[in-house]
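Student: I'm new to reading structures. Could you walk me through this one?

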Amino acid sequence: MNKDCIFCKIVNNEIPSERIYEDEEIMAFKDIQPKAPVHVLIIPKKHFDSASDFKDKYKMELDSETEEELTLAGRMLAVCARLAESYHLNEGYRVVTNVGEYGGQTVYHLHFHLLGDNYGLQVND
Ligand code: 5GP
Ligand code: ZN
């Protein structure tokens with residue numbers, strides 16, 4: 001938990017959000033300013049500033065915390081794919097993560113944007 005982080009506050013219910021998925025490690029909620037008909041943010045509950053926090057985690061000898069974190073990143077991708085299916089994004093979609101100022105990042109809590117157009121089909125409205 002980073003006390004100044006808005007996504008940590010969303011995780012802790014200090015800021016409301018339209019949640020569409022939650023488990024022990026991961027949350028997904030609708031982007032407040034959607035840039036596509038389906039625009040969902042998938043975040044780890046644990047705070048990482050961005051995907052660049054993972055740059056030193058790729059190594060042969062893994063301690064258990066690193067292994068858990070790499071598994072978490074894979075599970076986030078799996079959640080993206082499951083949500084894409086539930087939104088009927090059968091023709092394809094985008095999973096985007098922005099890193100740093102020049103990468104367009106505005107919220108410094110790791111998040112994957114799931115962006116797609118399901119041509120009017122909605123499951124969670
Ligand atoms: P970034 O630019 O960091 O990749 O994306 C941050 C995203 O978070 C933006 O698309 C923005 O609309 C969204 N966002 C910012 N603040 C909030 C908020 O309080 N609630 C929700 N649901 N989305 C937010
Ligand atoms: Zn955070």
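Student: What confidence does the predictor give?

Tutor: Start there, since this is a predicted model. The protein chain averages a pLDDT of 94, and 97% of the residues score at least 70. For the complex, the predictor gives an ipTM of 0.99 and a pTM of 0.95.

Student: Which pattern does the protein chain follow along the sequence?

Tutor: List the helices and strands in order. The protein chain has 2 helices and 5 strands, and they run α-β-β-β-α-β-β.

Student: How does the radius of gyration of the protein chain fit a compact globule?

Tutor: Compare it with the value for the chain length. A compact globule of 125 residues would come out near 14 Å, so the 15 Å of the protein chain agrees. The C-alpha trace spans about 45 × 30 × 30 Å along its principal axes.

Student: Which residues touch the most other members of the largest nonpolar core?

Tutor: Look at contacts inside the core. Of its 22 residues, Ala28, Val40, Ile42, Cys80, Leu83, Ala84 and Leu114 touch the most other members. The elements supplying at least two core residues each include α2 (64–86) and β3 (38–44). Take Leu83: leaving out residues up to four places away in sequence, Leu83 touches Ile20, Tyr21, Ala28, Val40 and Leu114.

Student: And which residues come nearest to ligand 1?

Tutor: Look at the residues around the ligand, then sort them by class. Ile32, Gln33, Asn98, Thr106 and Val107 come nearest, out of 14 around ligand 1. That shell has 6 nonpolar, 6 polar and 2 charged residues.

Terms used:
Residues numbered from 1 in each chain as written. Chains lettered and ligands numbered in written order. Predicted model: local features only at pLDDT ≥ 70, side-chain atom pairs only at ≥ 80, totals over all residues. Near = placed C-beta within 6 Å. Nonpolar A, V, L, I, M, F, W, Y, C, P; charged D, E, K, R; others polar. pLDDT = per-residue confidence, 0-100. Core = buried A, V, L, I, M, F, W, Y, C linked by C-beta atoms within 7 Å. Buried ≥ 20, exposed ≤ 12 C-beta atoms within 10 Å, placed from the backbone. Helix = DSSP H or I, 4+ residues; strand = E, 2+ residues; numbered from the N terminus. Contact = placed C-beta atoms within 7 Å. Rg over C-alpha atoms; globule rule 2.2 N^0.38 Å.
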